[in-house]
Amino acid sequence: WEQLIARTAHITLTQEHCLTEALAETFTLRAKQAGKTPIAGPLDPEHGKASAGVGILCSDELKPYPIPKPTDAYRDAFETGRCMILNFDLEKDTLPIGIIYGWTGGTKGRLAADRTNDLLDHYARADGIASRRAQNHSR
């Protein structure tokens, strides 16, 4: 954690954070002390242990926010602990950043690949990714 928090990057994406609720509280406290904003998504509920989980760590001056109108399919994908989309307002534009942690990792066969493809599909169809950007350009 200390190495991650010490990075000078404005935005750092994480996969497989494996943070239990107690560990997430400790990590959040330490990150905030260092002037960083951490957001950790849920863990993979299928494994019965702390596994998967995607997240982001960014400098406090950036204000990430979730997509405004997520689809039900995206919400389901998020709850797998393997997909998250956050928006960042950058002057006149919105930068959506997605983190996807697929299932294939050495698994043979189509099932894991198909599940990962489903995540990518839900990400691509997530409503509201650039809605603020569209609002900014319509002014």
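**Exercise 1. Helix α4: cover, sides and length**

Task: In this predicted model, determine what covers the buried residues of α4, and on which side of α4 they lie.

Solution. 
1. The cover over the buried residues of α4 includes α3, β5 and β6.
2. The buried residues themselves are A112, T116 and L119.
3. These three are on the same side of α4, because the arc they cover around the axis is only 50°.
4. On the face turned away from that buried side, α4 carries the exposed residues R110, L111, A124 and R125.
5. As a check on length, α4 has 16 residues and should span 22 Å at 1.5 Å a residue; the distance between its end C-alpha atoms is 22 Å, so the two values agree.

**Exercise 2. The largest nonpolar core**

Task: State how many residues the largest nonpolar core has and which of them have the most contacts inside it, then find which element gives the most to this core.

Solution. 
1. The largest nonpolar core consists of 21 residues.
2. Y74, C83, M84, F88 and L119 have the most contacts inside this core.
3. Two or more residues each come from β3 (54-59), α3 (72-79), β5 (83-90), β6 (93-100) and α4 (110-125).
4. Of the elements, β5 gives the most, namely 5 residues.
5. Another core lies apart from this one; it has 5 residues, with I5, F27, A31 and L57 among them.
6. For F88, leaving out residues up to four places away in sequence, the residues touched are I11, I56, C58, L62, P64, Y65, D93, T94, L95 and I97.

**Exercise 3. Two loop residues, R82 and E91**

Task: Locate R82 and E91 and decide for each whether the residue is buried or exposed.

Solution. 
1. R82 sits in the loop between α3 and β5.
2. The relative accessibility of R82 is 5%, so R82 counts as buried.
3. The side chain of R82 makes a polar contact of 2.9 Å with the side chain of D44.
4. Beyond four places in sequence, R82 touches D44, H47, A52, V54, A77, I99, I100, Y101, G102, W103 and L119.
5. E91 belongs to the loop between β5 and β6.
6. Exposed requires a relative accessible area over 50%; E91 has 84% and is therefore exposed.
7. The phi angle of E91 is near 50°, a positive value in a residue other than glycine.

**Exercise 4. The whole chain**

Task: How many helices and strands does the protein have, and in what pattern do they follow along the sequence?

Solution. 
1. There are 5 helices and 6 strands.
2. Along the sequence they are arranged as α-β-α-β-β-β-α-β-β-α-α.
3. The protein has 139 residues, of which 36% are buried.
4. Among contacts with a separation of 6 or more, 60% are between residues 24 or more positions apart.

Terms used. Residues numbered from 1 in each chain as written. Predicted model: local features only at pLDDT ≥ 70, side-chain atom pairs only at ≥ 80, totals over all residues. Heavy atoms only, no water. Core = buried A, V, L, I, M, F, W, Y, C linked by side-chain atoms within 4.5 Å. Buried < 20%, exposed > 50% of the residue type's maximum accessible area, 1.4 Å probe, protein only. Helix = DSSP H or I, 4+ residues; strand = E, 2+ residues; numbered from the N terminus. Contact = heavy atoms within 4.5 Å. Polar contact = N/O pair within 3.5 Å; in protein donor to acceptor, adjacent residues only side chain to side chain. Expected span 1.5 Å × (residues − 1). Arc of directions from axis to C-beta.
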